[in-house]
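Student: I would like to learn how to read the features of a structure. Where do we begin?
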Amino acid sequence: MYFEEKFDDKWTDRWTHSTWKKSDETAGEFTHTAGKFYGDAEADKGIQTGPDARFYSISADMGKTFSNEGKSLVVQFSAKHEQKLDCGGGYIKILPSTSDMANFGGDTPYSIMFGPDICGYSTKRVHVIFTYKGKNLLTKKTIPCETDELTHVYTLILHSNNTYAVLIDNEEKEQGTLEEDWDFLAPKTIKDSDAKKPDEWDERSKIPDETDVKPEGYDDIPETIKDPDAKKPEDWDDEDDGEWEAPSTKNPEYKGEWVQKEIDNPDYKGIWEAPDIANPDYVPDETLYKFDDMKYVGFELWQVKAGTIFDNIHVSDDPAAAKKFAEDTWGATKGGEKAMFDKIEEEKKAAEAEEAKKLEAESKEKEGEEEPEEEEDEYEAPEETKDEL
């Protein structure tokens, strides 16, 4: 066990806010809370981002520097986007001892970056980025992340045989080899730049059908002809209007320009490509998985809509221990969290329905108050006035 964090009431003794972005007042703060819904008010406390549109940076020292040489490495944590995150990061970083953690920010060198990232409709994925020979390499696979408002556990497992697995809520979502799914190394083979296409190589998939001959007289058929149904107007005067000619119309016999039929080419060999040869720049590396200098763990991210709660961090060499830790933390309270969330949603919908009903009643009442005034009776003079009239 290299590091484990449940964010109890003494969490501030172990974690340090970075000075990054403090000067331009775009730095956010982390607060200790279980959020608006939870399974256990104390056990589910984590650190939450706030306010909106801020950079966040916080880290903890895992103790002495360690290496995962010859064994597995597990990085695990939980994230709850109870604000329904629309654009922002939710990932964790593992950093070497050489990093300046007092000013931990976006340019601080790291070894591993792992976790969900959401931004609009285009980005909803789990980032898995490794630093290799000074370059940050993102996985070539797209691993979907969870996008609801509940707590989810993200687990990255590296094995000493250069394989990996990504789990969400203790279920495997992706696995493979480091060499295939990241651009750690140059490709094993490349196209032979000195190779040339043989002269006899035929790339034509179709060839003209020599048995298909243009019919005799085909080109003599005009595209248009004089309209046989046209008649000279009765008021046409040849002396004044000139000699009348029928207008042209499409020739029903015309079939367009003749095109010879094509048949499959029996000598077709496909599109020529230069053959593959061994890449002289390819150098195998059996230790792609290995990081010799790991000392800090931290969150460094940007969020447009803040409110993510991070909790239950686990860094070890034991996938089974990580699974049990997830079950004992997230697994023990997820049912209660979901029940509380559902209750809040039901109450919210009921309140919205009641408000809509109230507004409808007020609207009808207002319509009743604005009924048109009754017309006055027609004026009728008194009897004595009538006599005088």
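Tutor: Begin with accessibility. Buried means under 20% relative accessible area, exposed means over 50%, and partly exposed lies in between. Lys21 has a relative accessible area of 23%, so Lys21 is partly exposed. Keep in mind that this is a predicted model.

Student: Where is Lys21 placed, and what is its phi?

Tutor: Lys21 sits in the loop between strand 2 (15–17) and strand 3 (29–33). Its phi is positive, about 70°, although Lys21 is not a glycine. Lys84 also has a positive phi, of about 55°, and is not a glycine either. Lys84 is located in the loop between strand 6 (73–81) and strand 7. With 42% relative accessibility, Lys84 is partly exposed.

Student: Which residues does a cis peptide bond join?

Tutor: Gly50 and Pro51, with omega about 0°. Pro51 belongs to the loop between strand 4 (46–50) and strand 5 (54–66).

Student: Now disulfides. What is the general idea, and how many disulfides are there?

Tutor: A disulfide is a covalent bond between the sulfur atoms of two cysteines. The cut-off used here is 2.5 Å between sulfurs. By that rule the count is one disulfide. Cys87 is joined to Cys119, with 2.3 Å from S to S. The angle about the S-S bond is -70°, and the link of Cys87 and Cys119 is left-handed.

Student: Which parts does the pair tie together?

Tutor: Cys87 is in strand 7 (residues 87–89) and Cys119 is in strand 9 (residues 112–119), so the pair ties together parts 32 residues apart in sequence.

Student: Are the two cysteines buried or partly exposed?

Tutor: Cys87 is buried, at 18% relative accessible area. Cys119 is partly exposed, at 32%.

Student: Why is Cys145 too far for a bond?

Tutor: Look at the sulfurs. The closest cysteine sulfur to that of Cys145 is in Cys119, and it is 12 Å away, so it is too far for a bond. Cys145 is buried, with a relative accessible area of 10%.

Student: Next, charges. What is the idea behind a salt bridge, and how many are there?

Tutor: Side chains of opposite charge can pair when their charged atoms come close. The structure holds 25 salt bridges. The cut-off is 4 Å between nitrogen and oxygen. Take Lys214 and Asp219: their side chains meet at 2.6 Å, N to O. Lys214 is partly exposed at 34% relative accessibility, while Asp219 is exposed at 56%.

Student: What about Glu203?

Tutor: Glu203 pairs with Lys197 in a salt bridge, and the closest N and O atoms are 3.4 Å apart. Glu203 is partly exposed, at 28% relative accessibility. Lys197 is partly exposed too, at 38%.

Student: Which residue forms a salt bridge with Lys232?

Tutor: Asp238, with 3.6 Å between the closest N and O atoms. Lys232 has 40% relative accessibility and counts as partly exposed. Asp238 is partly exposed at 41%. Elsewhere, salt bridges with shared partners join Glu5, Asp8 and Arg14 into one network.

Student: Which residues gather in a patch of negative charge on the surface?

Tutor: Glu234, Asp235, Asp237, Glu239, Asp240 and Asp241. Take Asp237 as the example. It lies in the loop between strand 17 (224–226) and helix 2 (238–241). Its relative accessible area is 32%, so Asp237 counts as partly exposed.

Note on methods
Residues numbered from 1 in each chain as written. Predicted model: local features only at pLDDT ≥ 70, side-chain atom pairs only at ≥ 80, totals over all residues. Heavy atoms only, no water. Helix = DSSP H or I, 4+ residues; strand = E, 2+ residues; numbered from the N terminus. Buried < 20%, exposed > 50% of the residue type's maximum accessible area, 1.4 Å probe, protein only. Patch = residues over 30% accessible without salt bridge, like charges linked within 9 Å, V, L, I, M, F, W, Y side chains within 5 Å. Areas by Shrake-Rupley, 256 points an atom, 1.4 Å probe, with all protein chains shown as cover. Lys, Arg positive; Asp, Glu negative; His and termini not counted. Charge placed at Lys NZ, Arg CZ, Asp CG, Glu CD.
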